[in-house]
Amino acid sequence: MENSGSHPEVVVPPVEGVAGGGTAYGWSETGTRDSNLPAGSIDPLKVHSSELLHVWCMPSSANVGPQDMPRTLEPISLLAARNERENVQIAIRPKVSWAESSIAGTVQIQCADLCSTSGDRLVVGESLKVRRVVPILGIPDALVPLEVPLSQLTLFPGETTAIWVSIDVPNTQPPGQYEGEFIITATRADTEFTAQCLGKAERNQLYQELRSCLDVVEPIDGKSLDEVLERVKSASSSLRRVLLSPPFSDLYSDDGSVDMMDEDAISNLSVRVKISLTVWDFVLPATPSLPAVIGISDTVIEDRFGVEHGSSKWYEALDQHFKWLLQYKISPFFCRWRENMRVLTYTCPWPADHPKSDEYYSDPRLAAYAVPYSPIVSCGDTAEGFLQKEVEILRTKNHWRKAYFYLWDEPLNLEHYQAIRNMASEVHAYAPDARIMTTYYCGPSDAPLASNNFEAFLKVPEFLRPHTQLYCTSEWVIGNREDLAKDIIAEIQPENGEEWWTYVCMGPSDPQPNWHLGMRGTQHRAVMWRVWKEGGTGFLYWGANCYERATVPSAEIKFRRGLPPGDGVLYYPGQVFSSSHEPVASLRLERLLSGLQDIEYLKYYSSRFGREEGLKLLEKTGMYLGPERYTHDHTPIDIMRGEVFRTCQSQSNF
């Protein structure tokens, strides 16, 4: 395949899952000037933006890369329950270059509240947020926040830029049809935007100035006329100072009159993307039906952000990560690796007798929490005394039912298994009802439990009982043999409080569901579909921030050697992309959330019509039939969700 013109050929490095992954990586087309445009330089304020830009919409499951080709622009139509996040993408690609530098040009993106006919709103900045999709290793993944309601993007010749739009529907939002639009306008790459979209520091300064004006003029009741006049003069002086500040300097001509382009004229040059959202009366539960426990390496945080273990800054850093991750309906736990895959895991860095402990564990968004087996930070207690104290306090709380102990990761031999038995026995001595979770993919290698590996794997519950309650197995063991899940479940004793959980890590690999970078969007989302269909009651992922060690927050992100790209990394430090300290989500983290929300839809449908009907719904829509047979297209997802909405919605009129 050739790229006509003088541009050198570009070879995209092989990344797992890219081939056939629904992306269009490959070759850039040669830019040609539209015959409708005038020759010479182009003034974007005199040409309709549709002459300069391709704009189209894509579902959240699409991987929209720099070389994705344009499609027809169609209105966005979404469906969401209350307490649900729904996402969509807007793609922009320049048709020509209108800037004088090496860039194609700049565009402004403006959005407003989504409004219903009854006057209810989904507010920009609260419910509606916009992020730019940034490639990692050439693959779209990082979601970097943009300012709302107005932001500016730089476009490059022959490259597609994707915008990720998220709408969070509050659990009290009135059902109905909500309408809005995005206005996309090609603009000059000069100072015009500076006045319209200020940085946080500049906005804060303006806010303080305007706030001081109000503080001066508001308390005038009972004041004398002279004092009122004095206050008005002071406020007038402050307002004049604001208007003469740099952000507004370009709005004045030499004679001091405002020199603004007519708003209607600007609006008439823009591309408008219509968006419609149907909010229905189903409310996703505050506590997720399926616990998804996700690990966060505390040592990675300590190294990258330069915080000393146990210091006040350390507590602040962990607290920030924990609270930020809760929005994704997952149950975070911090982890510290020790010898032979022994792990110290804990959800709350503060001890059980600290007020923050109840704050963490009582949060309804948290479906499960890890209790530390030994002290997290050095204290006066012995390890045994610490454990006893923690358990005795937590057992008196209503949230104790969410507690579990995660002591060892993937035991391999008798020594490992015996260590789990000993530690579990110690826990159960203080709390017989405590739940111990063990992750594994095989039985002890030096003491075969059966004649073949899979049979030995099946015998692990019998071997570990009663020292484990949550048997968490690798999906890699099952492979594409979904029927093997029934054999595993047959070994579990739910009547004795036992559960079957699953996990993914390095495996399974393509084409089975996982969260590796470069896999299809539906492949990421299908991780949770698989859990629900196979009958698991919980899920574990080993790490969300386990990139290579760095000692500077803004250091380049490098995935760990020996692991598939993206494995163990679901979000990035905000400082890598901007001055923001807030973490930056990946597409894969958003798709994890979407998969968990799909489970709530399926569970709600099954509560009405039975689990067998829920399984049939997965199959008849073509959304998910098995680990290697799931949709590559977004349409079956919409069909499934639409069917649940149609059959389960109440008869209330919008």
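This is a predicted model: local features need pLDDT of at least 70, side-chain atom pairs count only at pLDDT 80 or more; totals for chains, interfaces and linings use all residues.
Let's begin inside the protein. In soluble globular proteins, nonpolar side chains tend to be buried together. The largest nonpolar core here has 116 residues, and Trp280, Phe405 and Met528 are the ones that touch the most other members. The biggest contribution to this core comes from helix H15 (residues 587-609), which supplies nine residues.

Which residues does methionine 528 contact, once its neighbours within four places in sequence are set aside? They are Leu290, Ala292, Trp515, Phe539, Leu592, Gly595, Leu596 and Ile599.

Now for the sheet. Five strands form an open sheet in the order E1-E3-E10-E7-E8, and their pairing is antiparallel. Strands E1 and E8 sit at the edges, so to speak, each pairing on one side only. On average, neighbouring strands are turned by 30 degrees against each other, direction ignored.

Here are the strands with their residue ranges:

| Strand | Residues |
|---|---|
| E1 | 53-59 |
| E3 | 84-94 |
| E7 | 128-136 |
| E8 | 139-145 |
| E10 | 161-169 |

Asparagine 87 has serine 166, in E10, as its bridge partner.

Finally, helix H15 returns: it packs on the sheet, touching E3, E7, E8 and E10. The direction of H15 makes about 140 degrees with that of E3.

How values were computed: Residues are numbered from 1 along each chain as its sequence is written. Side-chain values use heavy atoms; hydrogens and water are left out. A nonpolar core is a set of buried Ala, Val, Leu, Ile, Met, Phe, Trp, Tyr and Cys residues joined through side-chain atoms within 4.5 Å. Buried means under 20% relative accessible area, exposed over 50%, partly exposed in between (1.4 Å probe, protein chains only). Helices (H or I, at least four residues) and strands (E, at least two) are DSSP runs, numbered from the N terminus. Contact means heavy atoms within 4.5 Å. Two strands pair if DSSP finds at least two bridges between them. Axes are lines fitted to C-alpha atoms, for helices over the stretch in contact, and angles run from 0 to 180 degrees between N-to-C directions.
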